[in-house]
Amino acid sequence: MMIDNAYFSRKLSESTVYWDGSHWQDCLKKIISVGTLDDFQRFLNQTVDPAFKELRQEFLRNGISVQIQVCNDSHQAYRELVVESGSLRNFIYGIRYRANDVSDTVVGSLSFPTITEEENYEPICYFADGRRGYSIKYMQKDELITDVLRQYERYVKMLATGKHDLYLSDKVHLEQGEKR
């Protein structure tokens, strides 16, 4: 009963906000398996790269300077969409993997025949302001674009209120003598 209470009283993962049922078979496959480094790299190439390229084109079309940072080294692979903001902290939506051990009880279990790996590599987003990221493994390209835009909207609103200047200031630029 304590386990049920803990499960049903917690908030769902941010990544499930976009579930609309249209890709439920893919979601099930991801739930009953573990991600490998190859799966993570495939996610970067097939989902993240097209989403970031499309976002970059649209930002540029709207006069906003944007860069995509890429690292393909398998043990530290990442992608970052960086919206340059002058003397303010840049907006960064990054994606890297988080490796988690898989319980021996699950590996090789007849109940989970597809789980044979002892480590799970899960794509996690991260931000320049140090906020805790979350799993994005269930997102499709358009869902990822929507999530990036939600986070960018949050960033723009924080800038607009003026209440978070210290939090959003780019320490490097300020130390180099740039005026805000």
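Over the face of which residue does R96 lie? R96 lies over the face of Y126, at 4.1 Å from the ring centre. The structure is a predicted model, and a search of the whole of it finds 9 aromatic pairs.

**Aromatic pairs**

- A pair of aromatic rings is described by the distance of the centres and the angle of the planes.
- The search of the whole structure gives 9 aromatic pairs, and one of them joins F91 and Y155, whose ring centres are 5.5 Å apart with planes at 55°, so this pair is tilted.
- F91 belongs to strand β3 (residues 91–101) and Y155 to helix α4 (residues 141–161), so the pair ties together parts that are 64 residues apart in sequence.
- F91 counts as buried because its relative accessibility is 3%, which falls under the 20% limit.
- Y155 has a relative accessible area of 8% and is likewise buried.
- In the pair of Y93 and F127, the ring centres are 5.7 Å apart and the planes stand at 80°; an angle over 60° counts as edge-to-face, so this pair is edge-to-face.
- Y93 in strand β3 and F127 in strand β4 (residues 119–127) are 34 residues apart, and their pair links distant parts of the chain.
- Both Y93 and F127 are buried.
- Ring pairs also join Y93 and F127 with F52 and Y134 into a cluster.

**Charges over rings**

- The charged end of R131 is placed over the ring of F127, 4.0 Å from its centre.

**Helix α3**

- Helix α3 (residues 37–61) contains 25 residues and reaches 34 Å from its first C-alpha to its last, close to the 36 Å expected at 1.5 Å a residue.
- At V48, shortly before the proline P50, α3 has a kink of about 35°.
- The buried residues of α3 include F40, F43, L44, V48, F52, L55 and F59; among these, F52 also belongs to the ring cluster with Y93, F127 and Y134.
- Elements covering the buried residues of α3 include β1 (66–71), β2 (78–83), β3, β4 and α4.
- After α3 comes G63, whose phi is positive, near 75°.

**Helix α4**

- The 21 residues of α4 should span 30 Å at 1.5 Å a residue, and the end C-alpha atoms of α4 are 31 Å apart, which agrees.
- Among the buried residues of α4 are E143, L144, D147, Q151, Y152 and M158, as well as Y155, the partner of F91 in the tilted pair.

**Cysteines**

- A disulfide is a covalent bond between the sulfur atoms of two cysteines.
- The count for this model comes to 0 disulfides.
- C71 is buried, with a relative accessible area of 14%, and C125 counts as buried at 1% relative accessibility.

**The surroundings of Y78**

- Y78 is found in strand β2 and is partly exposed, with a relative accessible area of 26%.
- Leaving aside neighbours within four places in sequence, Y78 is in contact with Q69, V70, C71, I95, R96 and Y126.
- Two of these contacts, R96 and Y126, are the residues of the opening question, where R96 lies over the face of Y126.
- Y78 and C125 are 47 residues apart along the chain, and their C-alpha atoms are separated by 9.6 Å.

Notes:
Residues numbered from 1 in each chain as written. Predicted model: local features only at pLDDT ≥ 70, side-chain atom pairs only at ≥ 80, totals over all residues. Heavy atoms only, no water. Phe/Tyr/Trp six-rings, centres within 6.5 Å; stacked < 30°, edge-to-face > 60°. Helix = DSSP H or I, 4+ residues; strand = E, 2+ residues; numbered from the N terminus. Buried < 20%, exposed > 50% of the residue type's maximum accessible area, 1.4 Å probe, protein only. Lys NZ or Arg CZ within 6 Å of the ring centre and 35° of its normal. Expected span 1.5 Å × (residues − 1). Bend = angle between axes of the 7 residues up to and from the residue. Contact = heavy atoms within 4.5 Å. Disulfide = S-S within 2.5 Å.
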